[in-house]
Amino acid sequence: MYVCLCQGITDGQIRSAIQGGCCTYRDVRIALGVGTQCGKCACVAKQIARETLGEGAQNTQDATFCPAALAAS
């Protein structure tokens, strides 16, 4: 589903960015440009990022889950 029409960013791209190393919504925003134009997508993009980061934390049972940290180990 398209989340950011201004930049053409999908929910899958947000999830992929997190799996690829983005550890916060801010990282996703910088990497993809989501929420940087009109801003109407920011709430939905943040929610997708939170859910995706939360899923990772549940999988590792670590509240500070970051896929990039796993790749570095």
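**Reasoning about contacts and burial in the chain**

Me: Which residues does Thr52 touch, not counting residues up to four places away in sequence?
Reply: In this predicted model, Thr52 touches Arg15 and Ile18, once residues up to four places away in sequence are set aside. Thr52 itself lies in helix H3, which spans residues 42-60.

Me: Why is Thr52 called buried?
Reply: The term requires a relative accessible area under 20%. Thr52 has 7%, so Thr52 is buried.

Me: What makes Arg15 partly exposed rather than buried or exposed?
Reply: Arg15 has a relative accessible area of 28%. Buried means under 20% and exposed means over 50%, so a residue at 28%, such as Arg15, counts as partly exposed. Arg15 is placed in helix H1. Beyond four places in sequence, Arg15 touches Ile48 and Thr52.

Me: How far apart are Arg15 and Leu53 in sequence and in space?
Reply: Arg15 and Leu53 are 38 residues apart in sequence, and their C-alpha atoms are 8.7 Å apart.

Me: Why is the pairing of Arg15 with Asp11 called a salt bridge?
Reply: The rule asks for a side-chain nitrogen of Lys or Arg within 4 Å of a carboxyl oxygen of Asp or Glu. The closest N and O atoms of Arg15 and Asp11 are 2.8 Å apart, so the pair forms a salt bridge. Side chains of opposite charge can pair when their charged atoms come close. By this rule the count is one salt bridge.

Me: What makes the link between the side chains of Arg15 and Asp11 a polar contact as well?
Reply: The limit for such a pair of N or O atoms is 3.5 Å. The side chains of Arg15 and Asp11 are joined at 2.8 Å, and therefore the link is a polar contact.

Me: Where do Arg15 and Asp11 lie?
Reply: Both residues are in helix H1, four residues apart, which is about one turn of the helix.

Me: How do you know that Asp11 is buried?
Reply: Asp11 has a relative accessible area of 17%. The cut-off is under 20%, so Asp11 is buried.

Me: Which residues of H1 are buried, and what puts them on the same side of H1?
Reply: The buried residues of H1 are Asp11, Ile14, Ala17 and Ile18. They cover an arc of only 125 degrees around the axis, and therefore lie on the same side of H1. Gly21, with a positive phi near 135 degrees, follows H1.

Me: How many residues has the largest nonpolar core, and which have the most contacts inside it?
Reply: The largest nonpolar core has 16 residues, and those with the most contacts inside it are Val3, Ile14, Ile18, Tyr25, Val28, Val34 and Ala45. At least two residues of this core come from each of strand E1 (2-4), helix H1 (11-19), helix H2 (25-32) and H3. H3 supplies the largest share, five residues. Val28 touches Ile14, Ile18, Cys22, Gly33 and Val34, leaving out residues up to four places away in sequence.

Me: How do the elements of the chain run from the N terminus on?
Reply: The order is β-β-α-α-α-α, with four helices and two strands in total. Of the 73 residues of the chain, 34% count as buried.

Me: Where is confidence lowest and where is it highest in the chain?
Reply: The lowest confidence is in helix H4 (residues 67-72), with a mean of 52, and the highest is in strand E2 (residues 9-10), at 98. The chain averages a pLDDT of 85, and 75% of the residues score at least 70.

Key:
Residues are numbered from 1 along each chain as its sequence is written. This is a predicted model: local features need pLDDT of at least 70, side-chain atom pairs count only at pLDDT 80 or more; totals for chains, interfaces and linings use all residues. Side-chain values use heavy atoms; hydrogens and water are left out. Buried means under 20% relative accessible area, exposed over 50%, partly exposed in between (1.4 Å probe, protein chains only). Contact means heavy atoms within 4.5 Å. A nonpolar core is a set of buried Ala, Val, Leu, Ile, Met, Phe, Trp, Tyr and Cys residues joined through side-chain atoms within 4.5 Å. pLDDT is the predictor's confidence in each residue, from 0 to 100. The arc is that of the directions from the helix axis to the C-beta atoms. A polar contact is a pair of N or O atoms within 3.5 Å; within protein, one must be able to donate a hydrogen and the other to accept it, and residues adjacent in sequence count only if both atoms are side-chain atoms.
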